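Student: Could you help me learn to read a protein model? I would like to take one feature at a time.

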Amino acid sequence: MSDPTRLRIISLLEKDELSVNELQEVTKLGQSRISTHLGLLQESGFLQSRREGKRTFYKLNAIPSSGAGEFIRIAIKGAREMPEYNSDLANLKRIVARRREQAQVYFNQVAGRFDRSYGPGRSWQAFGNLLLRILPPITIADLGSGEGLLSELLAGRAKKVIAVDNSEKMVEFGANKARKNGLKNLEFRLGDLENPPIEPESIDLVILSQALHHAQHPSKAVESAFKILKRGGQIVILDLLQHNFETARELYGDSWLGFPESELHGWLEKAGFKKVEITVVAREDQPPYFQTVLASGVKV
Ligand SMILES: C[S@@+](CC[C@H](N)C(=O)[O-])C[C@H]1O[C@@H](n2cnc3c(N)ncnc32)[C@H](O)[C@@H]1O
């Protein structure tokens, strides 16, 4: 505390975490002088440091209530009486503002195309998992579940998931995988999505993900979904918007070339669903530019 430079450093680090370079810019002192004082202060337990890439940032340790804390308080008070105090404060403000601006420059530049550009750690997978966290503990029927990719994800949070598929192989494979993954609340059942082997009024959420266009009578599947839902339950359909890519029949075994929004709307209303919502949520960027439609309704 006998050195005025140390008082200035303490007073600055009390306000913000700073690197050696920043302290140098604020105080206009030489780097080696600052480093020496920082070393001494850290050795005495007044400071803590953190590395970020090539730079080290210093900040004041939380001021203890003991005698050392009293010294720090006196040092900060003393620093205020020094002739450099006002210019130190002004320089500090400028440097902190510049640091904030630098962080904003990037986001200001990418705003408007940020959602379409790469961002470290951002992915649909991550967003999907975030959304799963807010899934309440409900009973879900995944009709035309396939191997159960979606069912497995949902089973991680749901009370129970019943996955129905009419392909024996799919059901066998899915059930084995669920067992291996220890998902006791995921049950695979062999059955038709037009007449699923599920108790009436027992389900909170029915999902038909890319399954409806395989049904012989899609409207019947929507009616059956209504039957197995409890009051207040919801149906959510992900399917293809109507397209004219005929080859999908051979390539993917599709029975229908997607559906117009109006048709989905009609089936949902006819089955008794309220609050019907239909939105195109995705468009592929390669021919034949399949579009995904999301439809939902509530059994009130
Ligand atoms: C394109 S996959 C979709 C799988 C899964 N829902 C997903 O989104 O990844 C369609 C699945 O529906 C099944 N499927 C087709 N017709 C069905 C029917 N009438 N009843 C039950 N499942 C059916 C197929 O066996 C296949 O597993």
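Tutor: Gladly! Let us begin with a term: buried means under 20% relative accessible area, exposed means over 50%, and partly exposed lies in between, using a 1.4 Å probe and protein chains only. This is a predicted model, where local features need pLDDT of at least 70 and side-chain atom pairs count only at pLDDT 80 or more, while totals for chains, interfaces and linings use all residues. Residues are numbered from 1 along each chain as its sequence is written, and side-chain values use heavy atoms, leaving out hydrogens and water.

Student: Is Tyr106 buried, exposed or partly exposed?

Tutor: Tyr106 counts as partly exposed, because its relative accessibility is 38%. Phe107, at 46% relative accessibility, also counts as partly exposed.

Student: How are two aromatic rings described?

Tutor: By the distance of the centres and the angle of the planes. Rings of Phe, Tyr and Trp (its six-membered ring) pair if their centres lie within 6.5 Å; planes under 30 degrees apart are stacked, over 60 edge-to-face, and the rest tilted. Searching the whole structure gives eight aromatic pairs. One of them joins Tyr106 and Phe107 edge-to-face, with 5.0 Å centre to centre and 70 degrees between the planes. Ring pairs also link Tyr106, Phe107 and Phe114 into a cluster.

Student: Which aromatic pair does Phe245 form?

Tutor: Phe245 pairs with Phe290, edge-to-face, at 5.8 Å centre to centre and 80 degrees between the planes. Phe245 lies in the loop between strand E8 (229–240) and helix H10 (248–252), and Phe290 in the loop between strand E9 (274–283) and strand E10 (291–298), so this pair ties together parts that are 45 residues apart in sequence. Those labels come from DSSP runs, numbered from the N terminus: helices (H or I) have at least four residues and strands (E) at least two. Phe245 is partly exposed, with a relative accessible area of 23%, whereas Phe290 is buried, at 9%.

Student: What does it mean for a charge to sit over a ring?

Tutor: NZ of Lys or CZ of Arg must be within 6 Å of the ring centre and within 35 degrees of the ring normal. Here the charged end of Arg122 sits over the ring of Phe114, 4.1 Å from its centre. Likewise, the charged end of Lys299 sits over the ring of Phe226, 4.7 Å from its centre.

Student: Now a helix, please. Which residues of H2 are buried?

Tutor: First, the general idea: an α-helix has 3.6 residues a turn, so residues three or four places apart point the same way. In helix H2 (residues 20–27), the buried residues are Val20, Glu22, Leu23, Val26 and Thr27. They cover an arc of only 160 degrees around the axis (taken from the directions from the helix axis to the C-beta atoms), which puts them on the same side of H2. After H2 comes Lys28, whose phi is positive, near 65 degrees.

Student: In what order do the three strands of the open sheet lie?

Tutor: Strands pair if DSSP finds at least two bridges between them. The order in this open sheet is E1-E3-E2, with antiparallel pairing. E1 and strand E2 (47–52) are the edge strands, each pairing on one side only. Between E2 and E3 there are six bridges in the antiparallel sense.

Student: Where is there a cis peptide bond?

Tutor: Look between Pro287 and Pro288, where omega is about 5 degrees. Pro288 lies in the loop between E9 and E10.
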